[in-house]
Amino acid sequence: MIGSLRCSVVVQHRAVWSGLQSLGVRAPCLVTPTLLASTSRRCQSNDAAPAPSAVQAEHPTQQGRRSVAAAHQPTAQKEVIDLRPPRGTRDFPPEDKRLQAWLFDHFAAVTQSFGFEMVDYPVLESEALFIRKAGEEIVDQLYNFEDKGGRRVALRPELTPSLARLVLSAGAGRPLPLKWAAVGQCWRYERSTRGRRREHYQWNLDVVGVAGVEAEAELLAALVAFFRRVGLGPADVGIRVSTRALLGAVLEGAGVPAAAHPAIYVAVDRADKLPIAAVEAELGALRVPPAAIDALLRTLRIRDVGALSEVLPPDSPAARDLVVLFDLAAAYGIADWLHFDAGVVRGLAYYTGIVFEGFDRAGALRAVCGGGRYDRLLSSLGGADLPCAGFGFGDAVIVELLRDRGLLPDLGRRVDDVVHALEESLRPQACAAAAALRAKGRSVELVLEPKRMKWVLKHAERCGAARLVLLAPEEWARGEIKVKDLSSREERTVVGVEGLCQLD
């Protein structure tokens, strides 16, 4: 049986005895395993060489002594948790949360201004919603797994498939067009760079039920409205515009079947990220004829709508859509933001027509936003197709862009009033004053503990408070409350909580 053993202490090493003395031990004594462990640790820290055994237990065998020591070795240290967020993710301390709220307020203002309705979807979706066969990198970037019920699920990497699912499940019978908006967190397992994270928040606007490019023109106008709201101009941001139908016509003319087009678009989308030889090799692996590859690469270099006649007949629907879209952009007053660029393809296979992406004119950042027409996404989920167009706008790149331009606002903490009771006996009255001010719509910081006046003044400054409301014994005895304007440093006295609430 392992327990406390009555021992006689034999001093064989001065450090051991010093350690025992520091613990208040006097021989003869009762030495417990805990005492042994504690003394051993102290001795090892004070002595470079290991000390010989200092305690001879009254135990029949040396093996028994080893067993006792082994049974009571100090337990391993508790594992230290890494306090950093997982790679590619982020925390939002108060100052960052204020910036996010400012950005989201601008998203909301444009959403409301253009008559869109807010919707939302679960962050966790069925994996099948995002699995497509066109070779998109987004499929390889899924955070996907099997849940405890054996179902394959994924953290959503984007919002558009969720919108399509909701249109099919809850949109039946609703009058068209649907103009829906969402802001939600998305997850992609990709390499983290400036403006690219493994999680981000995304603002989406989508129009369902409009077959013409009037939908795309409205969406582009909403994008420009946002850019203007945050202080950006066409010298800072441009929007490249093209159409998938352009490349579709080239491929059709080269005899490439329509079923092969989505995978080809995904490969072509990498043309600005890879050497041309690598793009040609990828297209060759998709069995695109060499003549079609040459035609595609020539088409991607077109930067003028007028030059489309080189690859499209004059009566081509694709050319006509682009002409109408640029005419509508001029009517919206946003023509100087738009640029035709046949190289814009967008990397998602479900796009079918007009595509566009916002870009940093300085070239320091990746695409700011992007979108286009996706008329056949609903049928891929088992429903009847409806014409659809929309865009996604992430929160990471735009913040970096605004930082580069010096356009991020100063968003220090702000409250209207700090309320403080100079004596604890007045705390109930201070609570009543704070409640009355809050009921009037003012933001109020109530000092919750007894504090010196110097601390209260500093705290009010840290809070960005406009006023300091003080309940002092002498004034309160007369039914009065002292109010200090912290910008003008003027003080006034009001009668009771009612008088306080009547102040401007």
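User: How should I read the placement of helix α8 against the sheet, and which strands does α8 lie across?

Analyst: In this predicted model, where local features need pLDDT of at least 70, side-chain atom pairs count only at pLDDT 80 or more and totals for chains, interfaces and linings use all residues, helix α8 (residues 244-253) lies across β10 (237-243), β11 and β12 (354-360), running at about 35° to β10. Helix α12 (residues 317-332) also packs on the sheet, touching β10, β11 and β12, and its direction makes about 155° with that of β10. Contact means heavy atoms within 4.5 Å; axes are lines fitted to C-alpha atoms, for helices over the stretch in contact, with angles from 0 to 180 degrees between N-to-C directions. Helices (H or I, at least four residues) and strands (E, at least two) are DSSP runs, numbered from the N terminus. Residues are numbered from 1 along each chain as its sequence is written, and side-chain values use heavy atoms, with hydrogens and water left out.

User: What is the strand order of the open sheet, and which strands stand at the edges?

Analyst: Strands of a sheet pair through backbone hydrogen bonds, either parallel or antiparallel. Here the 8 strands run β4-β8-β9-β14-β13-β12-β10-β11 with mixed pairing, two strands being paired if DSSP finds at least two bridges between them. β4 (117-118) and β11 (338-340) stand at the edges, each with a single partner strand, so one side of each lacks a neighbour in the sheet.

User: In which sense do β9 and β14 pair?

Analyst: Strand β9 (residues 199-208) pairs with strand β14 (residues 388-394) in the antiparallel sense over 7 bridges, and the bridge partner of Asp206 in β14 is Gly390.
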